[in-house]
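Me: Can you walk me through the salt bridges in this one? Keep it quick.

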Amino acid sequence: MEFRTVPAKHAWLWIKTGWALFRKSPLLWVALVMVGVAGTVAFAAIPAIGELLATLLFPLLLAGLMLGCRDLERGEELELPYLLAGFRHHPQSLITLGGVNLVGQMLILGIMSATGGAGLVDILMSGTQVDDPEVFAQATEGAGLAVTLGFSLFALLLMAGQFAPMLVVFESMRPIDALKTSLFGCLRNWTALLAFSLLMMPVAFIASMPMMLGWLVVMPLMITSSYVAYRDIFFATDATGAPASEERPTTPGSDM
């Protein structure tokens, strides 16, 4: 699977084109996000196995939303059943992605614990908010190496999973190959991805102010923009379903 390096300025084009995709069906996007978040929270609330299930099933949910982006781009209607579309397209491979992510998280936390960050890992594993600054200071004391390793490894894990569900669904790649391809594609385009993150930060801050209601728009925008980024970086299929080539337009969404 080929991918290319795009300039950092494409980050704004990802957001711009993602916004255009959102505007094609804004009410359905808001409904999809609300139902998806509610379902994820419900799974996570199941005693003992809830968080494990939520992690395993998340790639299926994301894949369904990406299929919705593709079909919406092609002029088709967006519908609520897209939330379950991932269960009909390579579900075993998508669940494997979730399993690799889960194992990766556990390994990273184990490395952090073994390198002086046991107290910090205990806080992270408990899932409780620490309001006492002294408790947090004690947990992070002497954990500089653990924090550095943890941040670096989690960043690599995040990049490996960034585009992996799209590569599995759209390109029928095996899970490990999809993870490796996503990782190398992200590393090759780290400036554009960093620019995208920086551009989304003020948007997320503004969305958080009116009782977090703005996230009903920001979350779909992040989904549609991620789809546009995937289309831009990887030589996937264009809006008509035909294989893209290296001669396709360099501006994301210019063939829409």
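This is a predicted model: local features need pLDDT of at least 70, side-chain atom pairs count only at pLDDT 80 or more; totals for chains, interfaces and linings use all residues.

Me: Start with Asp-232. Which side chain meets it in a salt bridge?

Reply: Arg-4 does, at 2.6 Å from N to O.

Me: Are Asp-232 and Arg-4 buried or exposed?

Reply: Both Asp-232 and Arg-4 are buried.

Me: What does Arg-231 pair with?

Reply: Glu-73, in a salt bridge of 2.6 Å, N to O. Arg-231 lies in helix α10 and Glu-73 in helix α3, so the pair ties together parts 158 residues apart in sequence. Arg-231 and Glu-73 are buried.

Me: Switching to Lys-180. Which residue does it bridge to, and how far apart are the closest N and O atoms?

Reply: Lys-180 bridges to Asp-177, and those atoms are 4.0 Å apart.

Me: Why are Lys-180 and Asp-177 separated by about one helical turn?

Reply: Because they are three residues apart in helix α8, residues 175-188.

Me: Is Lys-180 buried, exposed or partly exposed? What about Asp-177?

Reply: Lys-180 is partly exposed, because its relative accessible area is 42%. Asp-177 counts as partly exposed too, at 23% relative accessibility.

Me: Which residues are linked with Asp-177 in a network of salt bridges?

Reply: Arg-174 and Lys-180 are linked with Asp-177 in that network.

How values were computed:
Residues are numbered from 1 along each chain as its sequence is written. Side-chain values use heavy atoms; hydrogens and water are left out. Buried means under 20% relative accessible area, exposed over 50%, partly exposed in between (1.4 Å probe, protein chains only). Helices (H or I, at least four residues) and strands (E, at least two) are DSSP runs, numbered from the N terminus.
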